[in-house]
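This report describes the architecture, the packing and the aromatic contacts of one protein model. The sequence and the structure are shown first.

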Amino acid sequence: MEISIDSVVQMHQLGAKIGSKLKSGDVVVLTGELGSGKTTLTQGIATAFGVTSITSPTFVISRIHKGEPNFIHIDAYRLIGNNLNAFADLDFESYLSSSVFVIEWGRNFISTLTDQYLEVIISYGENESDRQVEFLPNGDRWSGFKL
């Protein structure tokens, strides 16, 4: 499934729609170039959990927003080039059953956490504000995913 987005507002709204489908144990992996809208999409997803203070955790790697479920936002950009153990050592697995995860730049690391995840790929479109958003479901949990 692929969706065209032409504004920051639409990206945020798409995130809110995705967020409304998520529950404890769910993991969303965001893939896309710098500035493509990963954090904006995350901000939209977080609104479904009452979290409004989302900023990119590039330098701290992750932010855990406590709640029912917890909302965990990870930016694995600084881990790229490291081995898988660098991600696994952060022990996110212990939070998996009680949390929703959104992992930016997580494609290389997701295998250390779960094999059940929704990958969202954001690509630049023809115009500066245009984006193409593609959904790649992985595992039984995401089989037949629809917005």
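Which residue of strand 5 does Val 27 stand opposite? Val 27 stands opposite Phe 101 in strand 5.

## Basis of the model

The model is predicted, and local features need pLDDT of at least 70, side-chain atom pairs count only at pLDDT 80 or more, and totals for chains, interfaces and linings use all residues. Residues are numbered from 1 along each chain as its sequence is written, and side-chain values use heavy atoms, with hydrogens and water left out.

## Overall fold

The secondary structure of the protein chain amounts to 3 helices and 7 strands. Helices (H or I, at least four residues) and strands (E, at least two) are DSSP runs, numbered from the N terminus. Along the sequence the pattern reads β-α-β-α-β-β-α-β-β-β.

Of the 147 residues in the protein chain, 44% are buried, where buried means under 20% relative accessible area, exposed over 50% and partly exposed in between, with a 1.4 Å probe and protein chains only. Among contacts (heavy atoms within 4.5 Å) between residues at least 6 apart in sequence, 65% join residues at least 24 apart.

An open sheet of 7 strands, with mixed pairing, has the order 1-7-6-2-5-4-3; two strands pair if DSSP finds at least two bridges between them. Strand 1 (2–5) and strand 3 (62–65) stand at the edges with a single partner strand each, so one side of each is left without a neighbour in the sheet. Strand 2 (residues 27–32) pairs with strand 5 (residues 99–104) in the parallel sense, over 4 bridges.

Helix 2 is largely enclosed by the rest of the structure, because 8 of its 10 residues are buried. Among them are Lys 38, Thr 39, Thr 40 and Leu 41. The buried residues of helix 2 pack against helix 1, strand 2, strand 4 (70–75), strand 5 and strand 6.

A nonpolar core is a set of buried Ala, Val, Leu, Ile, Met, Phe, Trp, Tyr and Cys residues joined through side-chain atoms within 4.5 Å. The largest such core has 22 residues, and those with the most contacts inside it are Leu 41, Phe 71, Val 120, Val 133 and Phe 135. At least two residues of this core come from each of helix 1 (8–19), strand 2, helix 2 (38–47), strand 5, strand 6 (117–124) and strand 7. Leaving aside neighbours within four places in sequence, the contacts of Phe 71 include Ile 45, Phe 49, Ile 64, Val 100 and Val 102. A second, separate core of 12 residues includes Ile 72, Phe 92, Leu 96 and Leu 113.

The whole structure holds 3 aromatic pairs. Rings of Phe, Tyr and Trp (its six-membered ring) pair if their centres lie within 6.5 Å; planes under 30 degrees apart count as stacked, over 60 as edge-to-face and the rest as tilted. Phe 135 and Phe 145 form a tilted pair, at 5.8 Å centre to centre with 45 degrees between the planes. This pair links Phe 135 in strand 7 (residues 131–138) with Phe 145 in the segment after strand 7, 10 residues apart. Both Phe 135 and Phe 145 are buried.

Trp 142 and Phe 145 form an edge-to-face pair, at 5.6 Å centre to centre with 70 degrees between the planes, and Trp 142 is buried. Arg 141 lies over the face of Trp 142, at 4.3 Å from the ring centre; a charge sits over a ring if NZ of Lys or CZ of Arg is within 6 Å of the ring centre and within 35 degrees of the ring normal.
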